[in-house]
Amino acid sequence: MPRPSSPRALRPAVPVAPVLCAAVVAAVLAAALAGLPRPAAANPPAGTFAERLSGHGGPVMDVAATPTDALTASFDNSVGYWDLATGTARWLEGHRAAVKSVTRLSPTRAVSSGDDFSAIVWDLAAGTPIHRLEGHQGTVADVAVSPGGTRIATAGWDGKIGIWSADGALERWLTGHDGAVNAVAFVDDATLASASADGSLRVWSLATGAETRVLARHGFAINVLAVNAAAGWIAYGAVDGVTRVASLADGTTVADLSAGRRPVLALALSPDCGQLAIGDGEGHVMVVETNGWTVTSDSAATARGPVWALSFADDAHLVAGGIDDSAAVIAATGVTAPVLGAVQRPFLRPPEEMDNGERQFQRKCSVCHTLTGGGDRRAGPTLAGIIGRPAGTVPGYRYSEMLSHSDIIWSEATLGALFDLGPEHYVPGSNMPMQRITDARDRRDLIDFLRQNTE
């Protein structure tokens, strides 16, 4: 969709009055955070922002920002807790795989979820886990907190929704979706909305655990949600590029914000709920004014790659993340040039520029591992010296129990078996993602590349 030269209306079906909503909690939290130890020494004034939050060792999958700080979820298995004025971070370590979602639970606590089938409640002052929410049998793709801060909802790719008390106790499972649950959002303390790969948008009563209504049967997977309960609407973004706003009462369309860019990966409401930001797989961030559904900005935030993470820091600034190992603070009025994705990631290099061994490494290994013993943050340990090294022995890396007590010595034979059988079979219980290299020549070329580049 071409960028508008001036704000334009987007097919509102019914008028929506400007109201405040649950997102004003962000402003309340910002005020309450004054007594909480910051990631850096100083407590900066609200509205003072570093341009970039750098330090992750993998793509940034989600962000939750206030006027003074931000939480980022990354593929490097960690959560960054950032001072927005200085761009410095403290690291919350405890997940055993990529972190997909993060949100604030209270002024002193946060909750995150990820590919390790769990969610974690964090003490932000100490930087340590308080509770681990376990029971899902697949990635926990999203996590939400009730307006009163008393409940947590988890969205599982096992098709289940977990409802938990703020102290980590499981209250109930909600089941009924016919596919992975991608997103959850509280309507109020007693009502939850959920979206799934089955294309449905459903509303649940937490008192009974029953589904009360289906607001949409979209036909394509719905990825993300944003709710303005006070105004009576819910926005959803789908894999086919559709962004719609639906009535919470009956699912009728309030506005169609579809821009034709696929997929829609992020939605964010401003603290006053006057703006809705939309991030997509083609790297654009579009901001819409919710009183009249007018586009106020639409710009390419990335030179390449998607916008996975999006959150308003205040009504004028967004924190955005994607395929970079960092997030960026951008104006809600848009950017004149891309601020993310400017550096070519090695795994995105054209295949013809690499021999087969390097190509296998870049596509299969490079997001999690480095070839040298540097201090880069990664989901996996460095591969420096891998040939002849006992498994589970890189100093400072938190291994799974399986690899910590393994008798495997990494060699051409054992690495070949690892990729032939797949980590889930060769080293069951490890943190390695499930993948195989089924072609014998590809395995041999990868191992040759590792032997030549890690000694």
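Modeller: With a definition: Ala, Val, Leu, Ile, Met, Phe, Trp, Tyr, Cys and Pro count as nonpolar, Asp, Glu, Lys and Arg as charged, and the others, Gly among them, as polar. Keep in mind that this is a predicted model. By that scheme, the lining of the largest cavity divides into five nonpolar, two polar and two charged residues.

Colleague: Which residues line the largest cavity?

Modeller: They are Gly241, Thr243, Leu257, Ala259, Arg261, Val264, Ile278, Asp280 and Met286. The volume of the largest cavity is about 60 Å³, and the count of cavities of 30 Å³ or more is two.

Colleague: What is the volume of the second largest pocket, and which residues are closest to its centre?

Modeller: The second largest pocket has a volume of about 990 Å³. It is lined by 41 residues, and Ser430, Asn431, Met432, Pro433 and Met434 are the closest to its centre. Two elements give two or more residues to this lining, helix 4 (412–421) and helix 5 (423–426). Helix 4 supplies the largest share, three residues. By residue class, the lining of the second largest pocket has 25 nonpolar, ten polar and six charged members.

Colleague: How many helices and strands does the protein have?

Modeller: There are six helices and 29 strands. Of the 455 residues, 56% are buried. Among contacts between residues at least 6 apart in sequence, 47% join residues at least 24 apart. The protein exposes about 17,700 Å², with 53% supplied by carbon and sulfur atoms.

Colleague: How should I read a helix, and which residues of helix 2 are buried?

Modeller: An α-helix has 3.6 residues a turn, so residues three or four places apart point the same way. In helix 2 (residues 356–364), the buried residues are Asn356, Gly357, Glu358, Gln360, Phe361 and Gln362. These buried residues pack against helix 6 (440–454). At the N-terminal end, Asp355 caps helix 2, with a side-chain oxygen 3.2 Å from the backbone nitrogen of Gly357.

Colleague: What should I look for in the backbone angles?

Modeller: Most residues other than glycine have a negative phi, and most peptide bonds are trans. Phe117 has a phi near 70 degrees, a positive value. Phe117 lies in the loop between strand 8 (109–114) and strand 9 (118–123), and its 36% relative accessibility makes it partly exposed. Cys273 also has a positive phi, about 60 degrees, and is placed in the loop between strand 23 and strand 24 (275–280). At 1% relative accessibility, Cys273 counts as buried.

Colleague: Which peptide bond is cis, and where is Pro263 found?

Modeller: The bond from Arg262 to Pro263 is cis, with omega near -20 degrees. Pro263 is in the loop between strand 22 (253–256) and strand 23 (264–269).

Key
Residues are numbered from 1 along each chain as its sequence is written. This is a predicted model: local features need pLDDT of at least 70, side-chain atom pairs count only at pLDDT 80 or more; totals for chains, interfaces and linings use all residues. Side-chain values use heavy atoms; hydrogens and water are left out. On a 1 Å grid over the protein atoms alone, a cavity is a set of points where a 1.4 Å probe fits but cannot get out, and a pocket is an open set with protein on both sides within 12 Å along at least five of seven lines; lining residues have an atom within 4 Å of a point. Grid points are joined across faces, edges and corners, and a volume is the space filled by probe spheres set on the points. Helices (H or I, at least four residues) and strands (E, at least two) are DSSP runs, numbered from the N terminus. Buried means under 20% relative accessible area, exposed over 50%, partly exposed in between (1.4 Å probe, protein chains only). Contact means heavy atoms within 4.5 Å. Accessible areas come from the Shrake-Rupley method with a 1.4 Å probe; for residues, only the protein chains shown count as cover. A polar contact is a pair of N or O atoms within 3.5 Å; within protein, one must be able to donate a hydrogen and the other to accept it, and residues adjacent in sequence count only if both atoms are side-chain atoms.
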